[in-house]
Amino acid sequence: MLGAISLESLYYHIFDARLRLGREENDFSRWLRGTVAGRISPGRRLFLLDYDGTLVGFHERPRLASPTSEVLRVLECLSGDRRNTVAIVSGRDRDTLGEFFGGLGLTPVAEHGVWLRDPGTEWRTTKKISSSWKPDLLPILQLYTDRLPGALIEEKGAAIAWHYRKADPEQAQVLVGELMDHLTSFTANTDLQIMQGNKVMEIRSAGVNKGTAVAALLQRAMYDFILPVGDDWTDEDVFQMPPPSV
Ligand SMILES: [Mg+2]
């Protein structure tokens, strides 16, 4: 048991999110259920949980994909145990994560690792980054937004995301290809990187990713147990952290 909540229950919520997305059980969830549920460490634990696609399903309008009361309850129980550090490692911006999780003792990590906030403190960057490239990029994205009904630009502190979840899939496929070519030449010889997520493209400074934030968390404390959970390739950087030295 983790405080008042069992790991099976946490597993259920994560797995339930996958079911709602129509996904099949994968190796990770088998491992989680089969191995971890029976052997949770009594020491310090670090939970690294992705948000969209992991704790909640996807929504046409990302703003509306707020956590359910069940998910909040699970997170509250987990973070209520002093041995647990619960980080929500997301591509979302600070305001949204603050709105979703403000009252809980969690450690939200915003914009794929750029910002981190410990419980009861202010947001801080995990690494210094420049956003001088943004004014040049916005008109390019606007061009494609005008051509693809349903597409929208989301400006974040250190990145710009281009969402096309609401757009016609066939039309989007063509435009995404064209935009990718355009961005590839725009970002050549810069330190920018283009990340392709689930129905979203994001342009950001290279060198900061979810793994950067995880490294910052790992520097501060020794953990006996670390549980990373995520659903797309931006989470790979979380999985590539060094194993705990126990
Ligand atoms: Mg995700």
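The dialogue below sets values against their definitions.

Guide: This is a predicted model, in which local features need pLDDT of at least 70, side-chain atom pairs count only at pLDDT 80 or more, and totals for chains, interfaces and linings use all residues. Residues are numbered from 1 along each chain as its sequence is written.

Visitor: What makes up the secondary structure of the protein chain?
Guide: The protein chain has 8 helices and 10 strands. Helices (H or I, at least four residues) and strands (E, at least two) are DSSP runs, numbered from the N terminus.

Visitor: Why are β7 and β9 called paired?
Guide: Two strands pair if DSSP finds at least two bridges between them. Strand β7 (residues 159-163) and strand β9 (residues 200-205) share 5 bridges in the antiparallel sense, and therefore count as paired.

Visitor: Which strands are the edges of the open sheet?
Guide: The sheet has 4 strands in the order β6-β7-β9-β8, with antiparallel pairing. Its edge strands are β6 (152-155) and β8 (192-197), because each pairs on one side only.

Visitor: How do you know that helix α5 packs on that sheet?
Guide: Helix α5 (residues 134-147) touches β6, β7 and β9; a contact requires C-beta atoms, placed from the backbone, to lie within 7 Å. The direction of α5 makes about 5° with that of β7, where axes are lines fitted to C-alpha atoms, for helices over the stretch in contact, and angles run from 0 to 180 degrees between N-to-C directions.

Visitor: Why is Glu111 called buried?
Guide: A residue is buried if 20 or more other C-beta atoms lie within 10 Å of its own, exposed if 12 or fewer, and partly exposed in between. Glu111 has 25 such atoms within 10 Å and is therefore buried. Glu111 lies in the loop between β3 (107-110) and β4 (115-116).

Visitor: Why is Asn189 called exposed?
Guide: Asn189, in the loop between α6 and β8, has 7 C-beta neighbours inside 10 Å, so Asn189 counts as exposed.

Terms used:
Contact = placed C-beta atoms within 7 Å.
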